[in-house]
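Q: I should like to learn how to read backbone and helix features in a protein model. Could we work through some cases together?

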Amino acid sequence: MRHINEIIIHCSATPVNWMSGAEAQAKVNEIRRWHVEERGWSDVGYSHIIDRDGTVALGRPIEKAGAHTKGRNANSIGICLIGGQGGTANDVFGDNFTQAQDNALRTLIAGLKREYPTIEKISGHNQYAAKACPCFNASAWYARKPAPEISGVVGAQQRSKPTQSRTVQATVVQGASAVGGAVGALNALDGTAQIVALAGCILIAAMAMFIMRERLKAWASGWR
Ligand SMILES: [Zn+2]
C-alpha cells in the first residue's frame, strides 16, 4: 500500500443543476469519461466524488495514486465535490456547495483518517496551483470544525450531542473537585476551627434556603 499523508479537495466545476436527477455513480462515470477519453488517463482522477445531496460515490481505488494535483498525487487522496462552476478561490464552502456535502465531506475525512492515521493534512487544489478549485480554502474550512468523531452512514446528519455532553461532564468534574477541596480544607483545621467552619457553612446554607424561599414566595404571588 502506498503511503498516504494528505487529503486534497477538488470540485467538478459544473453548474448547480448539472445532471440533476442522475445517480451519483452516473456523474462519476461522466467525469471518468472526461478523464479517460479527453485526457488519456487510466481512470477517473479522484478516489471519491460527493454529490449535491451528500451521496459519496467511489472513483479510482485508493491503493492507486490519483490524478488530480500535479506533484502531489503519490501520497494523497483526491476528493471531488460536485458543483463549483463560477466560484473563486476566496469563496466560502456554502457559496458553491450544500450543507449535505459539508457533512458528507467531514464524515468521509473522519473515516479516512481512522483508516489511514498517517493523514496529517487536509488541503485544497488551489493551495498548490493558481486555480479556483475547489472554490474555498479547504484547510481553513477544516480547521473551523474538525471532522466528527462519530462513525456513521456517509451523508447522515451530524449530531452536536457529544460536544454538549462533554461540556456537561466537565462541569460535573469541576463541581466534584470543588467539594473535594472544601472537605480537604475542613480536615486540615483543628477541632474548634472545624466546628466554627461547619457553623459558618450551615449559616450560609440556611441563608441560601431563606433567600430561595422568599423568591419562591415572590414567584408564587405573581412576581415573575
Ligand atoms: Zn482540482
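Predicted model: local features only at pLDDT ≥ 70, side-chain atom pairs only at ≥ 80, totals over all residues.

Q: Is the peptide bond from cysteine 133 to proline 134 cis or trans?

A: In general, most peptide bonds are trans. The bond that joins cysteine 133 to proline 134 is cis, and its omega is near 5 degrees.

Q: What is the phi of cysteine 135, and where is this residue placed?

A: Most residues other than glycine have a negative phi. Cysteine 135 has a positive phi, near 75 degrees. This residue also belongs to the loop between S5 and H4. Because its relative accessible area is 2%, cysteine 135 is buried.

Q: What is the phi of methionine 19?

A: For methionine 19, phi is positive as well, near 50 degrees. Methionine 19 sits in the loop between strand S1 (6-11) and helix H1 (24-38). Its relative accessibility is 28%, so methionine 19 counts as partly exposed.

Q: Why does the span of helix H3 agree with its number of residues?

A: Helix H3 covers residues 99-115, which is 17 residues; at 1.5 Å a residue it should span 24 Å, and the C-alpha atoms at its ends are 24 Å apart, so the two values agree.

Q: Which residues of H3 are buried?

A: An α-helix has 3.6 residues a turn, so residues three or four places apart point the same way. In H3 the buried residues include Gln101, Leu105, Leu108 and Leu112. Also among them are Asp102, Arg106 and Ile109.

Notes. Residues numbered from 1 in each chain as written. Heavy atoms only, no water. Helix = DSSP H or I, 4+ residues; strand = E, 2+ residues; numbered from the N terminus. Expected span 1.5 Å × (residues − 1). Buried < 20%, exposed > 50% of the residue type's maximum accessible area, 1.4 Å probe, protein only.
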